[in-house]
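Student: I have a new structure to look at today. Can you walk me through it?

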Amino acid sequence: MNRLCVRFSDLSLSFLRGGRSAARARLFQTHALPSPSPMIEGFYKRPLPSPAVDFVSDHGKQLFAESLGSGTMECFFKLIPYFQTQSELTYCGLASLAMILNALAIDPGRKWKGGPWRWFDESMLDLDYTEPLEIVKTRGIAFMKLANLAQCAGAKVDAFYATQSNIDDFRKCVIKCSSSCNCHLILSYHRAALKQTGSGHFSPIGGYHVGKDMILILDVARFKYPPHWIPLVDLWEGMNYVLKSTGKSRGFMLISRPHAGTVEGNT
């Protein structure tokens, strides 16, 4: 059906000109508006497939409350104020890193967008000797190049390919970073292992449920999937996917602030 509207601009003019009777008559005149345009192509988010649990669901809230009680949600409170959506389809690694650098209060030593504030966003992570931003925009960033970029930005990094580690050591790292506000974990994994659409992806973790052995993923592709809980074993499988281009697996990196610290600027 066509929508209808009253042309109040004409009605107001009639009153101003003293034509109250004409205006009253025109109050009941309607004018058809064109039909809405057809739905444009594309996707509005994706259904979150099992076994993932939506963070804001009743089950997700229960997992959060239980993890909070066990002390394995400490990293969440440091990260959540800086949670952001990747600004490009290939910027998942850069968005994850910018979140963590800001959460660790590492000073970039450069102004953000020409203003007075020194602050990390994806555009600040453009170092030609690591990986030029234009190349990242085209094809993403490799695991170890992201780790190197984190070091160049002033963080302490311990990076591990999944094939050079094991699931028990990975779990220990998850517990360590989930129980601390000074250590954060970025995972590089293949979405297929989680029954999600897409391929390789980076995102930071926001907590861990000891009893269910589930990790909270703060997915930076928020246009696609919300933050969600996922079994650790599934993520481990996703990190063990081997890239044909490099012959190496995906992995995980622990990022923390160097003990020496940096000088913080005043506001």
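This is a predicted model: local features need pLDDT of at least 70, side-chain atom pairs count only at pLDDT 80 or more; totals for chains, interfaces and linings use all residues.

Student: How many helices and strands are in the protein chain?

Tutor: The protein chain has nine helices and nine strands.

Student: And what share of the residues counts as buried?

Tutor: Of 267 residues, 44% count as buried. Take also the contacts with a separation of 6 or more: residues 24 or more positions apart account for 64% of them.

Student: Let's zoom in. Which residues of helix 3 are buried?

Tutor: Gly60, Leu63, Phe64 and Ser67 are buried there. Seen down the axis, the buried residues of helix 3 fall within an arc of 100 degrees, so they line one face of the helix.

Student: Why would residues spaced like that point the same way?

Tutor: An α-helix has 3.6 residues a turn, so residues three or four places apart point the same way.

Student: What's exposed on the other side of helix 3?

Tutor: Asp58 and Gly69 are exposed there.

Student: How far apart are the end C-alpha atoms of helix 3?

Tutor: They are 19 Å apart. At 1.5 Å a residue, the 13 residues (58-70) should span 18 Å, so the two values agree.

Student: What follows helix 3?

Tutor: Gly71, with a positive phi near 85 degrees.

Student: On to helix 7. Which residues are buried there?

Tutor: Phe143, Leu146, Ala147, Leu149 and Ala150. They cover an arc of only 160 degrees around the axis, which puts them on the same side of helix 7.

Student: And what do they pack against?

Tutor: Helix 5 is one partner of the buried residues of helix 7. The strands are strand 4 (156-161), strand 5 (183-190), strand 6 and strand 9 (251-256). Just after helix 7 comes Gly154, which takes a positive phi of about 110 degrees.

Student: New topic. How much space lies in the largest pocket?

Tutor: About 670 Å³.

Student: Which residues lie nearest its centre?

Tutor: Arg139, Gly140, Ile141, Gly200 and Arg250, out of 30 residues lining the largest pocket. The lining divides into eleven nonpolar, twelve polar and seven charged residues.

Student: Which elements each supply at least two residues of that lining?

Tutor: Helix 5 (92-103), helix 7 (143-152) and strand 6 (200-209) each do.

How values were computed
Residues are numbered from 1 along each chain as its sequence is written. Side-chain values use heavy atoms; hydrogens and water are left out. On a 1 Å grid over the protein atoms alone, a cavity is a set of points where a 1.4 Å probe fits but cannot get out, and a pocket is an open set with protein on both sides within 12 Å along at least five of seven lines; lining residues have an atom within 4 Å of a point. Grid points are joined across faces, edges and corners, and a volume is the space filled by probe spheres set on the points. Helices (H or I, at least four residues) and strands (E, at least two) are DSSP runs, numbered from the N terminus. Ala, Val, Leu, Ile, Met, Phe, Trp, Tyr, Cys and Pro count as nonpolar, Asp, Glu, Lys and Arg as charged, and the others, Gly among them, as polar. The expected span of a helix is 1.5 Å times one less than its number of residues. Buried means under 20% relative accessible area, exposed over 50%, partly exposed in between (1.4 Å probe, protein chains only). The arc is that of the directions from the helix axis to the C-beta atoms. Contact means heavy atoms within 4.5 Å.
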